[in-house]
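The sequence and structure are shown first.

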Amino acid sequence: MSVAQKPLGFAWLEVTGFCNLTCTHCYADSSPQGTHGTMTVQDWVSVFRQLASMGTKEVQFIGGEPTLYPDLCELIARAHWTGLSIELFTNMTYIPKGMWRTIKKHNVKLATSYYSDSADDHDKVTNTRGSHRRTRANIGKAVSLGIPIRGGVVSVQAEQRVHEAAQDLTDLGVQHVGGDRVRAFGRGSKGADPTVNDLCGHCALGQCAIGPDGSVWPCVLGRFITLGNVRETPLEEIWNSPRTAKARAEIVAATGEKACQSCTPPQFLPSCAPCSPCVPDVGHCDPREAGPPAATATIGAPA
């Protein structure tokens, strides 16, 4: 299947695999045992410049927990200076005072996950006592500072009170609230091999993800599909490569014939507007319904 080339409008920048939580459904399998990878500050600055030259409008810093990356404030400033619009996806449990100043100064938007209005239920998902209290307090602080923030409620466990969680976010002043089911990647897969069948189908159609070691993926969920590495090859060359074109076509072929479901897209995908929460600069919407399990993907494997 031939798929038309689109400009790279959005990029996830996964600056770390380290996280202070061990959420049961984490698609990235992040934890306190994760690392910051091998990308240096200068490597990331080079990525910002390449993205800007390619016409990319928006990036999202993500992890792991990006606020635990020691040079995040510098990366935010450098990305802002290249003209990129920035969103920070964080669990909101740890935001140092200086980082609040950086967020305000560089017009950074925030996004977070929230699991229940009940502290016990929320903390069962994160496997960390006190995480609900800290997340909720920092959501309130962001609202009080006038920082744009969106929240997503992922349905992970039975009796989780997801509807009450969404209402709690609204009551806190979060203007964009959405939700999703668990996606079968990382710990969310419960040991199953990842497949393209659980992707939304928009992977590499105007967006890509870059990991802590420089790996380029079609999206943060499609990390089992490696398109190249920015420490070895310019991003524009990767984006326009036959390997990326092949991955793009195979993903669309695997997901493109399904009917749209009622919209409950994952809150970290930029192709989910106008469902909320969404990355605001990407305007198309076509969430897909997961079908029966597919064979283990070979997309992006070396020829």
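## Cavities

On a 1 Å grid over the protein atoms alone, a cavity is a set of points where a 1.4 Å probe fits but cannot get out, and lining residues have an atom within 4 Å of a point. Grid points are joined across faces, edges and corners, and the volume is the space filled by probe spheres set on the points. By this rule there are two cavities of 30 Å³ or more. The largest cavity holds about 420 Å³ of space. Its lining comprises 29 residues, and C26, Y27, F89, S113 and Y115 lie nearest the centre. Two or more lining residues come from each of the elements α4 (119-126) and β6 (176-181). By class, 12 residues of this lining are nonpolar, 12 are polar and five are charged. In this classification Ala, Val, Leu, Ile, Met, Phe, Trp, Tyr, Cys and Pro count as nonpolar, Asp, Glu, Lys and Arg as charged, and the others, Gly among them, as polar.

## Basis and overall composition

The model is predicted: local features need pLDDT of at least 70 and side-chain atom pairs count only at pLDDT 80 or more, whereas totals for chains, interfaces and linings use all residues. Residues are numbered from 1 along each chain as its sequence is written, and side-chain values use heavy atoms, with hydrogens and water left out.

The protein has eight helices and nine strands; these are DSSP runs numbered from the N terminus (helices H or I, at least four residues; strands E, at least two). Of its 303 residues, 55% count as buried, where buried means under 20% relative accessible area, exposed over 50% and partly exposed in between (1.4 Å probe, protein chains only). Among contacts (heavy atoms within 4.5 Å) with a separation of 6 or more, 71% are between residues 24 or more positions apart.

## Helix packing

Axes are lines fitted to C-alpha atoms, for helices over the stretch in contact, and angles run from 0 to 180 degrees between N-to-C directions. Angles under 35 degrees count as roughly parallel, over 145 as roughly antiparallel, 65 to 115 as roughly perpendicular and the rest as oblique. Helix α2 (residues 72-81) packs on helix α3 (residues 97-105) at an angle of about 5°, with the axes 10 Å apart; the two are therefore roughly parallel. L72, C73 and I76 of α2 meet G98, M99 and T102 of α3. This contact has four nonpolar, two polar and no charged residues.

The axes of α4 and helix α5 (residues 131-144) cross at roughly 105° and come within 8 Å, so this pair is roughly perpendicular. The contact is formed by A119, H122, D123 and T126 of α4 with S131, H132 and T135 of α5. One of these residues is nonpolar, five are polar and one is charged.

## Selected residues

S30, in the loop between β1 (10-14) and α1 (41-53), is buried at a relative accessible area of 4%. Leaving aside residues up to four places away in sequence, S30 touches G17, C19, L21, T22, G63, G64 and R187. The peptide bond from G63 to G64 is cis, with omega near 20°, and G64 is found in the loop between β2 (58-62) and α2.

M92 has a phi near 65°, a positive value in a residue other than glycine, and is buried, with a relative accessible area of 0%. For N107, phi is near 55°, also positive in a residue other than glycine; N107 is exposed, with a relative accessible area of 57%.

Technical notes:
On a 1 Å grid over the protein atoms alone, a cavity is a set of points where a 1.4 Å probe fits but cannot get out, and a pocket is an open set with protein on both sides within 12 Å along at least five of seven lines; lining residues have an atom within 4 Å of a point.
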